[in-house]
Amino acid sequence: MPLRLLPEEPPAGPWHAERLTAAAASLMRLAHARGAGHRPAVVAIDGRSSGGKTTLAGRLQGAVAGSAVVHTDDIAWWYSRFGWAELLVNEILIPVRAGRPVSFRPPPWDERERPGAIEVPAGCPLLIVEGVGAARSESAHLTDRVIWVQSDEQETERRNLARVGQPDGMPTEQDHREWMAEEMPFQARQRPWERADLIVCGTPWIPFDPATEIVVAPPLNRSSRLPRTACGAVRRMRPATSASTSG
């Protein structure tokens with residue numbers, strides 16, 4: 001069945017199932033072609049809230065031994081919904097690309113006594129940055145590859161509302177509405193799907209093995225260098241911060 005998308009986002013397709021290990025190998029190979037041979041490859045996974053970005057990042061991390069994941073929610077925590085580009089660039093991406101380890105505590109972490117830090121070990125083969133805004137234009141020059149997770153808007157809204165009041169979700173429905181009031185115009189301005197090297201379906205409907213496969217489509221920008229393999233189809237329709245974010 002067709003995905004229902006916001007008007008500004010073009011539908012991807014054709015869709016087909018592909019082995020996760022093959023997609024990971026292609027991303028690593030193409031990242032190395034951009035000069036990542038002597039430093040971690042940097043892959044950004046962007047998409048709508050509750051569209052499947054975090055799940056995909058975890059699966060990709062599992063497919064590439066020794067890789068690390070940075071969640072933009074952790075950078076944004078009690079800082080700004082989307083005004084954190086300088087933190088991502090200066091505190092994470094620049095040192096990672098220089099081959100240095102990262103142990104970063106964003107300012108609110110100290111102010112609110114949050115334990116731990118955002119960690120990226122030196123020598124890891126792959127850094128995955130995932131979250132709404134992970135592929136933002138301000139950091140595009142420091143990102144080797146981009147994945148856009150395209151998802152059905154009604155399904156992501158259902159997932160978002162199910163997270164209200166949960167430990168990893170919005171405290172209230174009003175917080176969620178305020179978050180979406182910023183996310184939607186932010187993504188409409190950024191248009192990260194235009195920079196994507198691979199489109200992954202976050203709400204797949206075609207048959208696939210969820211243990212070993214993902215559902216993918218060629219990039220919307222046909223000049224991208226990731227290979228294309230097979231088929232499916234999709235159309236678009238219109239669907240209907242607080243301290244934390246909705247990923």
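I took buried to mean under 20% relative accessible area, with exposed over 50% and partly exposed in between (1.4 Å probe, protein chains only). The model is predicted: I read local features at pLDDT of at least 70 and side-chain atom pairs at pLDDT 80 or more, while totals for chains, interfaces and linings use all residues. Residues are numbered from 1 along each chain, and side-chain values use heavy atoms, without hydrogens and water.

Entry 1, helix α1. I took helices as DSSP runs (H or I, at least four residues), numbered from the N terminus. In α1, I found L20, A23, A24, S26, L27, M28, L30 and A31 buried. After α1 comes G35, with a positive phi near 100°.

I looked up α1 (residues 20-33) against α2 (residues 53-63): their axes, lines fitted to C-alpha atoms over the stretch in contact, with angles from 0 to 180 degrees between N-to-C directions, come within 10 Å and cross at roughly 80°. The two helices are therefore roughly perpendicular (65 to 115 degrees). L20, A24 and L27 of α1 meet R59, L60 and A63 of α2, contact being heavy atoms within 4.5 Å.

I paired rings of Phe, Tyr and Trp (its six-membered ring) with centres within 6.5 Å; planes under 30 degrees apart are stacked, over 60 edge-to-face, the rest tilted. I recorded four aromatic pairs. F82 and W179 have ring centres 4.8 Å apart and planes at 35°, so this pair is tilted. F82 is buried at 9% relative accessibility, and W179 is buried at 2%. F82 and F186 have centres 4.2 Å apart and planes at 10°, so they are stacked. Ring pairs link F82, W179 and F186 into a cluster.

Conventions. Angles under 35 degrees count as roughly parallel, over 145 as roughly antiparallel, 65 to 115 as roughly perpendicular and the rest as oblique.
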